[in-house]
Amino acid sequence: MQIAVLGAGSMGHGIAQVSAMAGHDVVLRDIEEEFVEDGIEGIRENLQGGVDRDKLTESEMEAALERIEGTTDLEAAVDNAALVVEAVPEDMDLKQDVFADIEAAASEDTVIASNTSSLSVTEMASVLDQPERAVGLHFFNPPHIMDLVEIVIAEQTDDRTEKFAVDYVRGIEKEDVVVRDTAGFATSRLGLALGLEAIRMVEQGVASPADIDEGMEIGYGHPMGPLELTDHVGLDVRLHIAEHLREELGERFKPPQSLRRKVRAGNLGKKTGEGYYVWEDGERVGMSGEWGDE
């Protein structure tokens, strides 16, 4: 099957990687050639890491890379694609524009999916002439490591599209959960609630970020604590989702002040080198602010 992924950032190139590893031909598209090249290089680095850890062979890595091509041409990307997944920034107007562009260039049978983590797929689909072919495919970060994909069924999604989405997710050896299109879906809503409460605990001096995270990892079996996860996701992304869910679901999702302050200061987590932790070369090296070293 041919798949197009629009957006070559961490989520987009991760979706492209897992699709190619499952045997699909993938076109990775972004608006600048530099972004496309960075995305493909990210895939190469991820796969090389797998080779280094004996998770896959050199030949498997090369075969996956051969199934991926990059472009800045949207029409070329979606031509002949059975599935198009948009992984552009979390902005409704932008996503609706992308959905409309996909429909104008793709075939009538193409399934159009969004990787949104919280925005309404129903609202995105409202711009389509054939909204029944829209669905949410909420991958988790990083897609090549995280096993879960949340399949979001919009009000307009038909049975064919739902079955297609389930078959695709299982075909790339991911675990699926199917949810109806509500604010924050299931996972973002619960995950954000935990993350916001962890931030409030840091503000109140209950414990350090590292101790809160370690408590959740050891005590509850979480693979990553809520504060480190916030740094991975991006504090700006977490703030945006919190503000959206506050509008939709009420004051229990009101963003903590320290989250707002860090975003204003440009401390957005791993991608900027500091959030609730300090990061160097992609590795956690300490805690931010008054908590100092770990």
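Student: How many residue pairs are in polar contact between domain 1 and domain 2?

Tutor: Let us start with the general idea: a polar contact pairs N or O atoms within 3.5 Å. In this predicted model, four residue pairs are in polar contact between domain 1 and domain 2, with both residues at pLDDT 80 or more. The count of salt bridges between domain 1 and domain 2 is zero.

Student: What does UniProt list for residues 2-182?

Tutor: An unreviewed UniProt entry lists that span as "domain: 3-hydroxyacyl-CoA dehydrogenase NAD binding". In the model, residues 2-182 are 43% helix and 22% strand, and the end C-alpha atoms of the span lie 30 Å apart. UniProt also places "domain: 3-hydroxyacyl-CoA dehydrogenase C-terminal", again from an unreviewed entry, at residues 184-279. For residues 184-279 the make-up is 62% helix and 3% strand, with 28 Å between the end C-alpha atoms.

Student: Let us turn to charged side chains. How many salt bridges does a search of the whole structure find?

Tutor: The general idea is that side chains of opposite charge can pair when their charged atoms come close. Here the search finds ten salt bridges. One of them joins the side chains of Lys163 and Asp167, at 2.7 Å from N to O. Both residues sit in helix α7 (residues 159-171), four residues apart, or about one turn of the helix.

Student: Which side chain meets Glu228 in a salt bridge?

Tutor: That of Arg284, at 2.8 Å from N to O. This pair links distant parts of the chain: Arg284 belongs to strand β10 (residues 283-287) and Glu228 to helix α10 (residues 226-233), 56 residues apart. With 28% relative accessibility, Arg284 counts as partly exposed, whereas Glu228 counts as buried at 13%.

Student: Which residues do salt bridges that share partners join into one network?

Tutor: Glu86, Glu90 and Lys95 form that network. Within it, the side chains of Lys95 and Glu86 meet at 2.8 Å, N to O. Lys95 is buried, because its relative accessible area is 1%, and Glu86 is buried as well, at 0%.

Student: Where does Glu90 lie, and what does its side chain reach at 3.2 Å?

Tutor: Glu90 lies in the loop between β4 (83-86) and α5 (92-105). Its side chain reaches the backbone nitrogen of Ser117 at that distance. A buried residue has under 20% relative accessible area, so Glu90, at 18% relative accessibility, counts as buried.

Student: Which residues does Glu90 touch, not counting residues up to four places away in sequence?

Tutor: Glu90 touches Lys95, Thr116, Ser117, Ser118, Leu119 and His240. Lys95 is also a member of the salt-bridge network with Glu86 and Glu90, and Ser117 is the residue whose backbone nitrogen the Glu90 side chain reaches.

Technical notes: Residues numbered from 1 in each chain as written. Predicted model: local features only at pLDDT ≥ 70, side-chain atom pairs only at ≥ 80, totals over all residues. Heavy atoms only, no water. Helix = DSSP H or I, 4+ residues; strand = E, 2+ residues; numbered from the N terminus. Buried < 20%, exposed > 50% of the residue type's maximum accessible area, 1.4 Å probe, protein only. Polar contact = N/O pair within 3.5 Å; in protein donor to acceptor, adjacent residues only side chain to side chain. Contact = heavy atoms within 4.5 Å. UniProt positions renumbered as here; feature names shortened; annotations may be inferred. Salt bridge = Lys/Arg side-chain N within 4 Å of Asp/Glu carboxyl O.
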